[in-house]
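User: I have a chain to go through with you. Could you take me through its helices and a few of its residues?

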Amino acid sequence: GKMAYACEVKLFNRWSYEDLTVPDPSLADYIAIKDKPAATAQQFLPHSAQRYNKKRFKKAQCPIVERLINSLMMHGRNNGKKLMAVRIVKHCFEIIHLLTDENPLQVLTNAVIQGAPREDSTRIGSGGVVRRQAVDVSPLRRVNVSLALITTGAREASFRNIKTIAECLADEIINAAKGSSNSFAIKKKDETERIAKANR
């Protein structure tokens with residue numbers, strides 16, 4: 001049965017994990033926010049220090065917020081500064097809540113689903129001639145690419161800019177969840193899918 005907690009587990013003690021949905025059934029097993037994959041998908045602080053790279057596909061069990069945080073810690077000067085990334089995401093969720101009045105966890109889930117290319121092109125080189133061949137993207141890779149694109153977009157938007165990375169990340173996630181083309185992730189996704197379509 002389900003473990004009974006003394007109090008409901010909420011992210012940052014604010015955001016509830018109740019009634020979150022993953023609207024895309026193909027990604028449901030790869031976006032860990034529900035009880036189902038692991039009871040560990042619900043945390044107060046998205047900092048579990050678990051070794052998600054020990055086993056293949058182990059990272060699918062990693063809570064989606066923690067994956068977001070891990071992909072934020074990029075670009076040499078920020079490597080390994082997880083607490084900084086946690087703080088960024090904390091602020092970012094506050095901003096998302098202010099702007100959309102929805103549960104930021106749900107908005108993030110939608111953004112991850114929207115921001116992922118469904119079709120990509122791979123290089124097939126034969127005899128010095130390189131042509132691109134369209135391939136479908138696996139669910140896990142869709143989640144990975146989507147998170148990478150969202151954080152990259154936020155990082156580029158906040159670089160040499162007055163806006164903090166939290167604000168940029170919030171914008172990026174909200175736009176990606178809406179599927180609006182202001183989002184870096186959506187732009188990239190459309191571009192990737194367009195190229196793949198041409199290479200079918």
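Predicted model: local features only at pLDDT ≥ 70, side-chain atom pairs only at ≥ 80, totals over all residues.

User: In what pattern do they follow along the sequence?
Analyst: The pattern is β-β-α-α-α-β-β-α-α-α.

User: What share of the chain is buried?
Analyst: Of the 200 residues in the chain, 44% are buried.

User: And what about contacts between residues 24 or more positions apart?
Analyst: Such pairs account for 63% of the contacts in the chain with a separation of 6 or more.

User: Let us turn to H2. What is its span from first C-alpha to last?
Analyst: Helix H2 covers residues 82-100, which is 19 residues, and reaches 26 Å. That is close to the 27 Å expected at 1.5 Å a residue.

User: Which of its residues are buried?
Analyst: The buried residues of H2 are Lys 82, Ala 85, Val 86, Ile 88, Val 89, Cys 92, Phe 93 and Ile 96. Seen down the helix axis, they fall within an arc of 160°, so they line one face of H2.

User: Why would residues some places apart point the same way in a helix?
Analyst: An α-helix has 3.6 residues a turn, so residues three or four places apart point the same way.

User: Which exposed residues sit on the face turned away from the buried side of H2?
Analyst: Leu 83 and Leu 98 are the exposed residues carried by that face.

User: How do H2 and H5 pack?
Analyst: Their axes are 8 Å apart and the packing angle is about 50°. H2 and H5 are therefore oblique to each other. The crossing in which H2 passes H5 is right-handed. On the H2 side, the contact is made by Ile 88, Val 89, His 91, Cys 92, Ile 95, Ile 96, Leu 99 and Thr 100. H5 contributes Ile 165, Ala 166, Glu 167, Leu 169, Ala 170, Asp 171, Ile 173 and Ile 174.

User: Next, H4. At what angle does it cross H6?
Analyst: The axes of helix H4 (residues 139-158) and helix H6 (residues 184-198) cross at roughly 125° and come within 8 Å. That makes H4 oblique to H6. Their crossing is right-handed. Leu 149, Ile 150, Thr 152, Gly 153 and Glu 156 of H4 meet Phe 184, Ala 185 and Lys 188 of H6.

User: And where does H1 stand relative to H4?
Analyst: The axes of helix H1 (residues 64-72) and H4 come within 9 Å, crossing at roughly 50°. H1 is thus oblique to H4, and the crossing is right-handed. Among the H1 residues that meet H4 are Arg 67 and Leu 68, and the H4 residues there include Leu 140 and Leu 147.

User: Is Arg 67 buried or exposed?
Analyst: Arg 67, found in helix H1, counts as buried at 11% relative accessibility. Beyond four places in sequence, Arg 67 is in contact with Lys 59, Cys 62, Leu 140, Val 143, Asn 144 and Leu 147.

User: Last one: where does Asp 120 lie?
Analyst: Asp 120 lies in strand S3 (residues 119-126) and is buried, with a relative accessible area of 18%. Beyond four places in sequence, the contacts of Asp 120 include Gln 133, Arg 141 and Thr 192.

How values were computed. Residues numbered from 1 in each chain as written. Heavy atoms only, no water. Helix = DSSP H or I, 4+ residues; strand = E, 2+ residues; numbered from the N terminus. Expected span 1.5 Å × (residues − 1). Buried < 20%, exposed > 50% of the residue type's maximum accessible area, 1.4 Å probe, protein only. Arc of directions from axis to C-beta. Contact = heavy atoms within 4.5 Å. Axes fitted to C-alpha atoms, helices over the stretch in contact; angles between N-to-C directions. Parallel < 35°, antiparallel > 145°, perpendicular 65-115°, else oblique. Left-handed = near helix turned anticlockwise from the far one by under 90°.
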